[in-house]
Amino acid sequence: MDNMKKRSDKRMTLKEAISTFVKDGCSVAFSGMGGTQPVAPTYEIIRQQPKNLTLIGDSPCEPGDMLAGAGLLKRMEIAWCSYAVAGLGYNFRRAVEEGVPVKVEIEEYSNYTIGLRFLAGALNVPFMPTRSLLGSDLTTYNSKIIEYEDPYTHTPVALVPAANPDVGIIIASRADKRGNTQFLGFSANAENIARASKHTIIICEEIVSTDEIRKTGNLTVIPEYCVDAVVEAPFACHPWNMPYAYAYDIPFHMEFLKQNRTRDGFLKWLDEWVFALPDHEAYCRKVGWERLYTLTRIERKFCKAPY
Amino acid sequence: MPNYSTDYTMSEFLSVCAAREIKDGETVFAGVGLPLMGALLAQNTHAPNSILAMECGGIGPKPKRIFLGIGDNTCVENAIFSTSLWRLFSDQQKGFFDVGMIGGAQIDKYGNLNSTVIIGDKDYYTPVSRLPGSGGANDIASSALRTIVTMPLQKRRFVEKVDYITSPGHIDRKRYGLPGGGPSAVITDKCILRFDEETGEAYLASLTAGVTVDEVRAGVSWDLKVPDKIEETEPPTVEQIELLRFLDANKIYTGNGLASMTFESYIEMLINSYERMG
């Protein structure tokens, strides 16, 4: 598996990409922040059932809450887990408060310092100093955060350890088959997750030619040498949004979160929307291509791709 | 005298209070909800040169629709900069962000906030109630030049000691090397609290019209400092309320608009928004 970054054609299906890289006991990081959440790969991981995963991420929604609810996580190194405007992460709560379905260890940071952990991982340095975390209880309950006196200025800093996940899963606007990856919108921590991870999977709305990428090289955030697999999977964030591609389907999200309030409701959701469907394509069919197209049509009114 | 409104809801009032804390030209780190409505209101009235910083990496967006999250597509719509999370937060750590808006489940007299865990009679590892966590709140509390806190005044929230300090307030910030200035105001439904520059302790700064000092005391667990003379919080103007109702036409944040929304009414809201603001 070591030479996968050198291939000239890294295209895979989502199923292949998850089964190739996401193994029992490995650590996984997902892109996204407050939107653009990797929902399709979360569902595919739940279908494939790798066990004892460690999730490293700033503020995961589906990847944190649903993987915890599916009992696949043993540990979360995160800053936050919920669904923001649409509702709360009840699986995360059940896992921490009651150990349902299994107890998950939590190692807490803030959004910025998780970002700095990926940055350190991407820079190939062991830690990063910051002026966040100091004087808070994040340092009390997380022994990995070290309060330290800077040897140059003799001021206090907090040190956070580099994060080098086994697998980074990134959703982007477009990429070529070699893995050169472009973002039209914000990129959150994607650039550093892709560089810090041992293996990086790119999921994009659209695979384009390398010549097409070369026309707007300034939009490239991740170059091919970081990437192991490229998956073309439109609407991989649904019901979340993707800038310049589709708007947030918040009514759909509200339906899910209503059901997610109880353990039974969540398990029913998994049966209906994950296990009963073979893949993401079937998910899109079940949501309805017309509905998805409406979200795209709306998005184009507000944000048109500049290329 | 400004033309004050007599017809507004509590959510609208709180948004207006948040808006008044923002000065023109300031860069504002805002989460979604009423503080963001306040920031948008400020931008559309007295602070046209303010800049919004959205957690996902969107800086200076000017969307033609309502924000539905801190990583919504609106965060990059007509933005001056679409960047990464660590770059945005680094700009805050460097001191470029004037105001940060935060909240929490608990606050103490020094403005320390808890949004991580209600421990109660249990422990951090198996708590009574697990909350979402810091997210970016700790970073905002550490580095924004000042922070504005918005929360309802309730005794179980305004506590002697928070169960967990997620976002440090006026602790010995110098000793800990925190670059930001800490909380400057706590906006509640009943009053606004501000902080003594010497002691860092909260005091009652103004009362919502019709609210008494005793009612405020009943909502605070510690012996709140109350000065001899207390002002009344300025009510919203007619213009501010009209603008808020334009910005949040479907009452997503200033009412219960989300609960009754269908896919069809949602799409209709977006199309209307495009036509009104486009």
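In this predicted model, M54 of chain B stands opposite G58(B), a residue of strand β3(B). M54(B) belongs to strand β2 of chain B, residues 51-54.

**Strand β2(B) and its neighbours**
- β2(B) pairs with β3(B), residues 58-59, in the antiparallel sense over 2 bridges.
- The hairpin formed by β2(B) and β3(B) has 3 residues between the strands, and G57(B) takes a positive phi near 125 degrees there.
- With strand β1 of chain B, residues 27-29, β2(B) pairs in the parallel sense over 3 bridges.
- In that pairing V28(B) stands opposite L52(B).
- Between β1(B) and β2(B) the chain passes through helix α2(B), residues 34-43, in a right-handed β-α-β crossover.
- β2(B) is covered on both faces: I51(B) and A53(B) are buried on one side, and L52(B) and M54(B) are buried on the other.

**Chain B as a whole**
- Chain B contains 8 helices and 14 strands.
- Its radius of gyration is 19 Å, close to the 19 Å given by the globule rule for 278 residues, so chain B is as compact as a globular protein of that length.
- The C-alpha trace of chain B spans about 50 × 45 × 35 Å along its principal axes.
- Buried residues make up 52% of the 278 in chain B.
- Of the contacts in chain B between residues at least 6 apart in sequence, 65% join residues at least 24 apart.

**Domains of chain A**
- The domain assignment divides chain A into domain 1 (4-109 + 164-302) and domain 2 (127-161).
- The C-alpha centres of these two domains of chain A lie 31 Å apart.

Conventions: Residues numbered from 1 in each chain as written. Chains lettered and ligands numbered in written order. Predicted model: local features only at pLDDT ≥ 70, side-chain atom pairs only at ≥ 80, totals over all residues. Buried ≥ 20, exposed ≤ 12 C-beta atoms within 10 Å, placed from the backbone. Helix = DSSP H or I, 4+ residues; strand = E, 2+ residues; numbered from the N terminus. Pairing = 2+ DSSP bridges. Right-handed = clockwise from strand over helix to strand, strands pointing away. Domains from an automatic or database assignment. Rg over C-alpha atoms; globule rule 2.2 N^0.38 Å. Contact = placed C-beta atoms within 7 Å.
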